[in-house]
Amino acid sequence: KTLILAGTNTEKLAITQAIRGKLKDEGGLGATANITQLQAKNLTLVQMRYTHNFELGDVVMPTRNYKRRGLEKGKLYEVVGKDIDRLTLKAPDDGKCFVIDTIFEKAVYQRDQIEIAVGDRLQWKKNNRQLERRNGQEFLVTAIEGDHVQIQYLDSNRTEIINLQQAHNLDYALVSTIYNSQGKTANQALIAA
């Protein structure tokens, strides 16, 4: 019920790691696993046109179907090569590669491995209507078994199983940046100043 605020994302991560370290020491976090986190690269439309703004290993998600290019809306394609004006994208399911230009509507993400534990409070960072997930919706990790994690949403008793082998748009929910805290309510607020 306490809102912890940081001025920058770097500060947010440092405070989150410190809190998680204390929770581990006190036994507040249980079994752990690694999960692939997708973080938006926040490129402008102009930046997305130029291949030098992409890194090998980045993930590209088309925002609509592109039949001529062979790309499907919502699928995550890994950047496996690039030259002056083209990207080589690898499909997630069959490993097929596409050499394409960059002039199409897309979201671009970096992949990071983060540790999650039973007892961790996390949040979704992107809406997903099919799975009934909202950006900013918080949940608790209740169990980790093999390649699956059971979660329970804090705003309801609804539970869900997520796959550790897939990349997810999620983040820790212990600390918010001042910008992302707009509209939140809490009994107390702690501010890193």
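Biologist: Which residue in S7 is the bridge partner of Ile35?

Modeller: Ile114. This is a predicted model, where local features need pLDDT of at least 70, side-chain atom pairs count only at pLDDT 80 or more, and totals for chains, interfaces and linings use all residues. Residues are numbered from 1 along each chain as its sequence is written, and side-chain values use heavy atoms, without hydrogens and water.

Biologist: What makes residues 32–40 a strand, S2?

Modeller: A strand is a DSSP run of E with at least two residues, and a helix is a run of H or I with at least four; both are numbered from the N terminus. The protein chain has one helix and 15 strands.

Biologist: Why are S2 and S7 called paired?

Modeller: Pairing requires at least two bridges found by DSSP between two strands. Nine bridges join S2 to S7 (residues 106–117), so the pair qualifies, and the two run antiparallel.

Biologist: Why do S14 and S15 count as edges of their sheet?

Modeller: The sheet is open, has three strands in the order S14-S1-S15, and pairs in parallel. S14 (176–177) and S15 (188–191) each have a single partner strand, so one side of each lacks a neighbour in the sheet. S1 (residues 2–6) pairs with S15 over four bridges, in the parallel sense. Within that pairing, Ile4 has Leu190 as its bridge partner.

Biologist: Which strands does helix H1 touch, and at what angle to S1?

Modeller: H1 (residues 9–26) packs on that sheet and touches S1 and S14. Its direction makes about 135° with that of S1. The angle runs from 0 to 180 degrees between N-to-C directions, with axes fitted to C-alpha atoms, for helices over the stretch in contact.

Biologist: Why is Thr16 called buried?

Modeller: Buried means under 20% relative accessible area, exposed over 50%, partly exposed in between (1.4 Å probe, protein chains only). Thr16, in helix H1, has 1% relative accessibility, so Thr16 counts as buried.

Biologist: What is Thr16 in contact with, beyond its neighbours within four places in sequence?

Modeller: Tyr172, Leu174 and Val175. Contact means heavy atoms within 4.5 Å.

Biologist: How many of the residues in the protein chain are buried, as a percentage?

Modeller: Buried residues are 37% of the 193. Of the contacts with a separation of 6 or more, 57% link residues 24 or more positions apart.
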